[in-house]
Every structure is written in structure tokens, then in C-alpha cells.
Amino acid sequence: ARAGEAALAHLRRGRGRGRAVSVDPRFPQALLDDEAVAGARVLTSLAGHPDALVVLGSGLAEALDEAWGAPAATVPLGDIPGVVAPVADGHGGELRAYETSGGVVLVATGRTHLYEGLGPRPVTALARATVAAGISRAVLTNANGCLKPWSLGDVMAITDHVNFSGTSPFDGPLFLDVSAVWDAQMTQALRGVCQREGTYAILRGPEYQTMAETRILAGLGVDCVGMSTVMEAITLHALGVRVAGMSVVSDLSFADAPTDPTAVVEAASAARQTVVAGIEAALGA
């Protein structure tokens, strides 16, 4: 509780960019525990007070190398208290700090997933630590299975989500309005860069969906599906952080051929240029 109260006081001082930060005190008290504060100490010793977080999904670990040059500092994700090193193909294991004109941006080259069986706490550990360290904005990226007649490599700006994971970042009577998780200004900036926009649904995984599940999801209005991002987005939103998201079409769910995990990573990697432009546009909004 003490850690959460200290973090809440920090948030109330208003590090939000472009708007006042309004945070229900119950969420910092529930989410910013001693582990998150310990993680924040590692991050601030690495990069001072960061301004933003970027999480790179499958196949995107090296997306920012050419655009932003060498990072100012790096640390293995597994060295941050509470954070578990990624194990999925196409995910890197570093947190990199870049000094940009808009402030210090922390970039995770991979992430942990619910399907690893660890629960939502490790999945959201980096998000919680970066909020405790002072970020005000975040851009989350991933690879998806597409339910629309789109093309491999298309990048979708996430305008809304559906949580089919069966879990939440928090327990108990903590009722959060998630109707506006995806920041309107940041998402508008993505529309000028991404080829698509739409709704992303999280499934726990690790199996891909059946054809029957694909038809049901498409009938419900879902555009793309994946196994990540939503837990982080909900956590960041609950803590007053502005969030934007991009999802790369890496598999066509209605295709006759079975899903190839290697092809998913390759398709996502091919979209790096659009993803980098989207990150820069969203962080500048």
C-alpha cells in the first residue's frame, strides 16, 4: 500500500502529456506494489526519469535500430524485478533506453505472455514498473491473425479491443471503465501511417483458433486476434497512461494453409518501417 501511495502522489503531480492525469487511487494501490517500485529503481538508474514505453511484438525486436541508432543504455528484461524474460520466437530479451527529442523512451524488444502459465502479474510487470518510474505514454505492438481480407504485412491501428483471455490484471471490486483504453489523439496519429484500423481480440493461447472460432470471432466484429497486449493496455490505462497500439497482419486466419509460427515472425518483421513511423507519430501526438 505504501508503494502505491507514493506512486499515486507522483502521478498526481501530472507527468501526462497533453492532458491532466486522473487516476483512481485504488489502482496504484493494487498495481504499484513493492516489486513495481523496485523495478522502477532499476529503470531510473538506467535512464533517469523515462517519458514513454514502447513494447515490440513478434518479429519487431530490431525495428528501431536503424531509425534511432544505438540506445543510451540497455538491461536484460529478466534483470528487472518481477519481469520474466521472453521465451516466444521472434521476441528479444532487452529493455533499451533511447534519448529522443520527446524525452527518454524505454523500448522492450519482447514480452511475456499469458500462455506461459505465469498469470497476469508477470505479463504486466514491465508496464507497472515503467509507470512507477514516471512514464506518461505507451505504444504497444504485436503480430496478429487477421480475420479480414487484408494483406500480410498490413499494420492495423488498434481502436478497440475484446478481452477473451479469461483474466484481468487485477482482482476484487476494482471496476475500471475500459471504453477509452486506446488514446484518441495517439490513435488518430496512427491513422496517418497504418494501412488499417480496427478491433483486436486477445485469446490466451498458445494454440491458434479453430476455423469455427475464427468464424465466430469475425461474426462478432473482431478484425484481428492475438495472445498479448491487452493486459498491458488495461494496466497502463488504469494508471493514467495514454496508450496506443499497432497490430501487424502476420497470418491470414481464413487461409487454407496451417499457421506457420516462423512465417508469422517473418511477416511481422517486414512491416518494420510502418511500425517505426507509427511509433514516432503516436509518441508525438
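Residues are classed as buried at under 20% relative accessible area, exposed at over 50% and partly exposed in between, with a 1.4 Å probe and protein chains only. By this criterion Thr 229 is buried, with a relative accessible area of 1%. The model is predicted, so that local features require a pLDDT of at least 70 and side-chain atom pairs a pLDDT of 80 or more, whereas totals for chains, interfaces and linings use all residues. Residues are numbered from 1 along each chain as its sequence is written, and side-chain values use heavy atoms, without hydrogens and water.

Thr 229 is located in the loop between β8 (224-226) and α9; helices (H or I, at least four residues) and strands (E, at least two) are DSSP runs, numbered from the N terminus. The phi of Thr 229 is positive, about 75°, although the residue is not a glycine. Most residues other than glycine have a negative phi, and most peptide bonds are trans. A cis peptide bond, with omega of about 10°, joins Gly 205 and Pro 206. Pro 206 is placed in the loop between β7 (196-203) and α8 (211-219), and Gly 205 is likewise in the loop between β7 and α8. Gly 205 is buried, at a relative accessible area of 8%. Apart from neighbours within four places in sequence, Gly 205 is in contact (heavy atoms within 4.5 Å) with Tyr 115 and Met 227. Gly 205 and Ser 228 are 23 residues apart along the chain, and their C-alpha atoms are separated by 9.3 Å.

Helix α9 (residues 230-238) is largely enclosed by the rest of the structure, because nine of its nine residues are buried. The buried set includes the charged residue Glu 232 as well as His 237. Just after α9, Gly 240 adopts a positive phi of about 85°.

Two packed helices are described by the angle between their axes and the distance between the axes. Here axes are lines fitted to C-alpha atoms, for helices over the stretch in contact, and angles run from 0 to 180 degrees between N-to-C directions. Helix α6 (residues 125-133) packs on α9 at an angle of about 25°, the axes being 9 Å apart. This angle makes α6 roughly parallel to α9, where under 35 degrees counts as roughly parallel, over 145 as roughly antiparallel, 65 to 115 as roughly perpendicular and the rest as oblique. The crossing of α6 and α9 is right-handed; a crossing is right-handed if the near helix is turned clockwise from the far one by less than a right angle, and left-handed if anticlockwise. On the α6 side the contact involves Ala 127, Arg 128 and Val 131, and on the α9 side Glu 232, Thr 235 and Leu 236. These residues comprise three nonpolar, one polar and two charged. In this grouping Ala, Val, Leu, Ile, Met, Phe, Trp, Tyr, Cys and Pro are nonpolar, Asp, Glu, Lys and Arg are charged, and the others, Gly among them, are polar.

Helix α6 also packs against helix α3 (residues 34-47), at about 65° and with an axis separation of 7 Å. That angle makes α3 roughly perpendicular to α6. The crossing is again described as right-handed. Glu 35, Ala 36, Gly 39, Ala 40, Leu 43 and Thr 44 of α3 meet Arg 128, Ala 129, Thr 130, Ala 132 and Ala 133 of α6. The contact of α3 with α6 holds six nonpolar, three polar and two charged residues.

Leu 53 is buried, with a relative accessible area of 1%. Outside four places in sequence, the contacts of Leu 53 include Leu 126, Ala 127 and Thr 130, together with Leu 106 and Ile 135. Leu 53 and Ile 135 are separated by 82 residues in sequence and by 6.8 Å between C-alpha atoms.

Helix α7 (residues 184-191) and α11 pack at about 145°, with axes 8 Å apart, in a right-handed crossing. Met 186, Ala 189 and Leu 190 of α7 meet Gly 278, Ala 281 and Ala 282 of α11, a contact of five nonpolar, one polar and no charged residues. Among the buried residues of α11 are Gly 278 and Ala 282. In the loop between α7 and β7, Gly 192 is exposed, at 69% relative accessibility.
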